[in-house]
Amino acid sequence: MGYSVEYRSDHIEMPRFRQKYQDRDKFMAFCRECPRYDSLWSCPPLSFDVDTFLEPYTWINVLCAKIRLDAETIRTADTAEKIKTIGWDIVSAVKLDTDERLREMEAQVPESLSLSSGGCSLCKSCTRKSGAPCRQPDKMRYSLDAFGFDLTAITKDVFHIDILWCRDSLPEYFTLIHGLLADKPVPEKLWRTVGLYSEEI
Ligand code: SF4
């Protein structure tokens with residue numbers, strides 16, 4: 001599988017970010033239709049009050065990973081099954097790597113917390129359905145979607161990228177949106193330190 005990842009980041013004050021991009025009622029309706037609803041600890045329904053959870057953070061540092069697929073990979077995915085499998089494998093690998101780098105970032109930014117893209121995929125099977133606690137609470141991070149943030153609008157407004165979807169073939173690129181909640185904007189050199197910085201997107 002051939003692909004390359006380019007990162008771009010920005011920072012926005014939380015009140016403005018929430019006012020522009022959060023619509024819990026609208027996106028919770030979508031979440032309820034998703035097979036992951038109530039099946040992963042990272043996904044809705046969340047067991048805590050969202051306003052209280054987000055209240056300590058005055059800034060969000062938003063990160064976009066643009067995953068460009070090479071022509072050979074797009075050509076190889078010539079059946080619906082391959083499109084699904086290859087697309088999932090690529091996106092999952094980048095998501096896990098980005099999550100790990102963001103946890104490194106947390107260690108360098110006091111009182112910060114990273115947010116992931118999509119549901120948690122750290123375990124083969126999540127414990128939520130059995131009612132047992134999360135196996136890796138130190139690593140699991142909630143996704144932006146779980147709080148009702150509009151990822152399509154964020155990708156377009158903040159990073160000027162249109163989201164592409166798999167249809168009859170793999171798209172030219174995928175995009176993932178992650179975040180770091182903090183009490184300040186993260187300087188560029190820190191993004192570079194953890195390998196989440198690219199010159200161009
Ligand atoms: S770390 Fe494992 S148990 Fe916890 S949310 Fe993720 S998949 Fe579920």
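User: Which residue of β4 does L113 stand opposite?
Analyst: The model is predicted. In it, β3 pairs with β4 in the antiparallel sense, over three bridges. Within β4, the residue opposite L113 is L181.

User: In what order do the four strands form the open sheet?
Analyst: β1 and β2 pair over eleven bridges, and ten bridges join β2 to β4. β3 and β4 pair over three bridges. The pairing is antiparallel, and the order of the open sheet is β1-β2-β4-β3.

User: Which strands stand at the edges of the sheet?
Analyst: Four strands form the open sheet, in the order β1-β2-β4-β3. Two of them have a single partner strand each, so one side of each is left without a neighbour in the sheet. From one strand to the next, the twist averages 20°. The edge strands are β1 and β3.

User: Which residue of β2 stands opposite Y7?
Analyst: β1 and β2 run antiparallel and are paired over eleven bridges. In β2, the residue that faces Y7 across the pairing is A65.

User: Which residue of β4 does L63 stand opposite?
Analyst: β2 and β4 run antiparallel and are joined by ten bridges. The residue of β4 that stands opposite L63 is H178.

User: How many of the ten residues of β4 are buried?
Analyst: β2 is mostly covered, with nine of its eleven residues buried. β4 is mostly covered too. Of the ten residues in β4, the number buried is nine.

User: Is A182 buried or exposed?
Analyst: A182 is found in strand β4. Beyond its neighbours within four places in sequence, A182 is in contact with Y57, W59, N61, V109, E111 and S112. Within 10 Å there are 23 other C-beta atoms, and the cut-off for a covered residue is 20 or more. A182 is therefore buried.

User: What separates the C-alpha atoms of A182 and T58?
Analyst: The two residues are 124 residues apart along the chain. A182 lies in β4, and its contacts include Y57 and W59. The C-alpha atoms of A182 and T58 are separated by 6.4 Å.

User: What span does helix α5 reach from its first C-alpha to its last?
Analyst: α5 covers residues 80-108 and has 29 residues. At 1.5 Å a residue, the expected span is 42 Å. The span in the model is close to that, at 42 Å.

User: Which residues of α5 are buried?
Analyst: α5 packs on the sheet, touching β1, β2, β3 and β4. Its buried residues pack against those strands and also against α7 (188-193). An α-helix has 3.6 residues a turn, so residues three or four places apart point the same way. The buried residues of α5 are G87, I90, K95, T98, D99, L102 and M105.

User: What angle does the direction of α5 make with that of β4?
Analyst: The buried residues of α5 pack against elements including β4 (173-182). The helix touches β1, β2 and β3 as well. The angle between the direction of α5 and that of β4 is about 20°.

User: Where is E111 found, and is it buried or exposed?
Analyst: E111 has a positive phi of about 60° although it is not a glycine. It is found in the loop between α5 and β3. With 11 other C-beta atoms within 10 Å, E111 is exposed.

User: Which loop holds D38?
Analyst: D38 is a residue other than glycine, yet its phi is positive, near 60°. With 13 other C-beta atoms within 10 Å, D38 is partly exposed. Its place is the loop between α2 and α3.

User: Which residue does a cis peptide bond join to P44?
Analyst: Omega of this bond is about -5°.

User: What separates the C-alpha atoms of E55 and P15?
Analyst: E55 is in the loop between α3 (50-54) and β2. E55 counts as exposed, with 10 C-beta neighbours inside 10 Å. Although E55 and P15 are 40 residues apart along the chain, their C-alpha atoms are separated by 9.4 Å.

User: Which residues are closest to the ligand?
Analyst: The ligand is surrounded by 13 residues. This shell divides into eight nonpolar, three polar and two charged residues. The closest are W41, C120, C123, C126 and C134.

Note on methods. Residues are numbered from 1 along each chain as its sequence is written. This is a predicted model: local features need pLDDT of at least 70, side-chain atom pairs count only at pLDDT 80 or more; totals for chains, interfaces and linings use all residues. Helices (H or I, at least four residues) and strands (E, at least two) are DSSP runs, numbered from the N terminus. The expected span of a helix is 1.5 Å times one less than its number of residues. A residue is buried if 20 or more other C-beta atoms lie within 10 Å of its own, exposed if 12 or fewer, and partly exposed in between; C-beta atoms are placed from the backbone. Two residues are in contact if their C-beta atoms, placed from the backbone, lie within 7 Å. A residue is near a molecule or strand if its C-beta atom, placed from the backbone, lies within 6 Å of it. Ala, Val, Leu, Ile, Met, Phe, Trp, Tyr, Cys and Pro count as nonpolar, Asp, Glu, Lys and Arg as charged, and the others, Gly among them, as polar. Two strands pair if DSSP finds at least two bridges between them. Axes are lines fitted to C-alpha atoms, for helices over the stretch in contact, and angles run from 0 to 180 degrees between N-to-C directions.
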